[in-house]
Amino acid sequence: MDVDAYLARIGAQRPAAPTAAALAELHERHTTSVPFENLSVHRYEPIVLAEDALVDKIVRQRRGGFCYELNGAFAALLRELGFTVSLLAARVYRGDGRFGSPFDHLALRVDLEEPWLADVGFGRFARRPLRMTACEAQPDAEGEFLVLDAPDGDLDVRYNGEPVYRLERRPRLLADFGPTCWWQATSPDSHFTQQLLCTLPTPGGRVTLAGDTLIEQVDGKRVERVLAGREIVDAYREYFGIDVNEAPSPGVFPAAGPRPFPN
């Protein structure tokens, strides 16, 4: 990996040592520089869960991605910088007391003097890592987070009092997330195929492009504007640093089921 190129992509300096302070700085830089987006899903681009492919997409192509891509690449960067990182599977909260399927989400455990939860791939989430052993609320620029014990040795992550996901403690391999990543990217039942989304936190709030609607949240105020044609292309470049030749449009996914799993 070209570590210097990755660090330049997120506007970070190479840390002198793998410390909690260095992790927090890298995490925040990554979260505020690399957008959470699912353009590949709707442009039918293959999503390859291999570290070199993920890093190439983020660094050379200057794109973003969703959890498997963003956290997969960030884990590779952290390891190159001397951090001890484990991939963890999580089940995203669906409402009504229900969580989704295993491998619904990929998050990271970083072991330092204590374990830290790092997650740069959830969309709206903590800008800095969370202590995994803390019982008290953890304030963040995005809000207040809790990491609590859950049944069967799992951990529940809450954001402003609401459940976010249930996290397993068992380390996983990147390849373990392949089948669920494929399902998320191809099934008509996946929320990633149902909406075209690109979002990034800003110093005063957040900017999101949901289909053709630009949503800017600044100091608690929300402004929405519907864009068309070239305006959408310009918005991807101006707000997210993503160059597209034409305005992406939501893909049409067959009701019969997801596309075949690639051999």
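This is a predicted model: local features need pLDDT of at least 70, side-chain atom pairs count only at pLDDT 80 or more; totals for chains, interfaces and linings use all residues.
Contact here means heavy atoms within 4.5 Å.

The buried part of helix H6 is considered first. Helix H6 spans residues 178-186, and its buried residues are Gly178, Thr180, Cys181, Gln184, Ala185 and Thr186. The cover over these buried residues includes helix H3 (39-42), H5 and helix H7 (191-194).

Helix H5, which comprises residues 67-80, also packs against helix H1, residues 3-10. The two axes lie 11 Å apart and form an angle of about 125°. Angles from 65 to 115 degrees count as roughly perpendicular and those over 145 as roughly antiparallel; H1 and H5 are therefore oblique to each other. Their crossing is left-handed. On the H1 side the contact is made by Val3, Tyr6, Leu7 and Ile10, and on the H5 side by Ala73, Phe74, Leu77 and Glu80. Sorted by class, this contact of H1 with H5 holds seven nonpolar residues, one charged residue and no polar residues.

Helix H1 has a further packing partner in helix H4, residues 51-60, with an angle of about 50° between the helices and a distance of 9 Å between their axes. This angle makes H1 oblique to H4. The crossing of H1 and H4 is left-handed. Ala5, Tyr6 and Arg9 of H1 meet Val55, Ile58 and Val59 of H4. The contact of H1 with H4 contains five nonpolar residues and one charged residue, with no polar residues.

Within helix H5, Gly72 was examined individually. Residues under 20% relative accessible area count as buried, so Gly72, at 2% relative accessibility, belongs to the buried class. When residues up to four places away in sequence are not counted, Gly72 touches Leu54, Cys67, Leu106 and Leu174.

The cysteines were then examined for disulfides. A disulfide requires a pair of cysteine sulfur atoms within 2.5 Å, and by this rule the count is zero. For Cys67, which is in no disulfide, the nearest cysteine sulfur is that of Cys181, 7.5 Å away. Cys67 has a relative accessible area of 3% and is therefore buried. Cys198 is likewise in no disulfide, and the nearest cysteine sulfur to it, that of Cys67, is 16 Å away. With a relative accessibility of 0%, Cys198 also counts as buried.

Phe103 has a positive phi, near 70°. Phe103 is placed in the loop between strand S3 (98-99) and strand S4 (105-111). The relative accessible area of Phe103 is 17%, so this residue is buried. Asn160, which is not a glycine, has a positive phi of about 50°. Asn160 lies in the loop between strand S9 (155-159) and strand S10 (162-167). At 46% relative accessibility, Asn160 is classed as partly exposed.

Methods. Residues are numbered from 1 along each chain as its sequence is written. Side-chain values use heavy atoms; hydrogens and water are left out. Axes are lines fitted to C-alpha atoms, for helices over the stretch in contact, and angles run from 0 to 180 degrees between N-to-C directions. Helices (H or I, at least four residues) and strands (E, at least two) are DSSP runs, numbered from the N terminus. Angles under 35 degrees count as roughly parallel, over 145 as roughly antiparallel, 65 to 115 as roughly perpendicular and the rest as oblique. A crossing is left-handed if the near helix is turned anticlockwise from the far one by less than a right angle, and right-handed if clockwise. Ala, Val, Leu, Ile, Met, Phe, Trp, Tyr, Cys and Pro count as nonpolar, Asp, Glu, Lys and Arg as charged, and the others, Gly among them, as polar. Buried means under 20% relative accessible area, exposed over 50%, partly exposed in between (1.4 Å probe, protein chains only).
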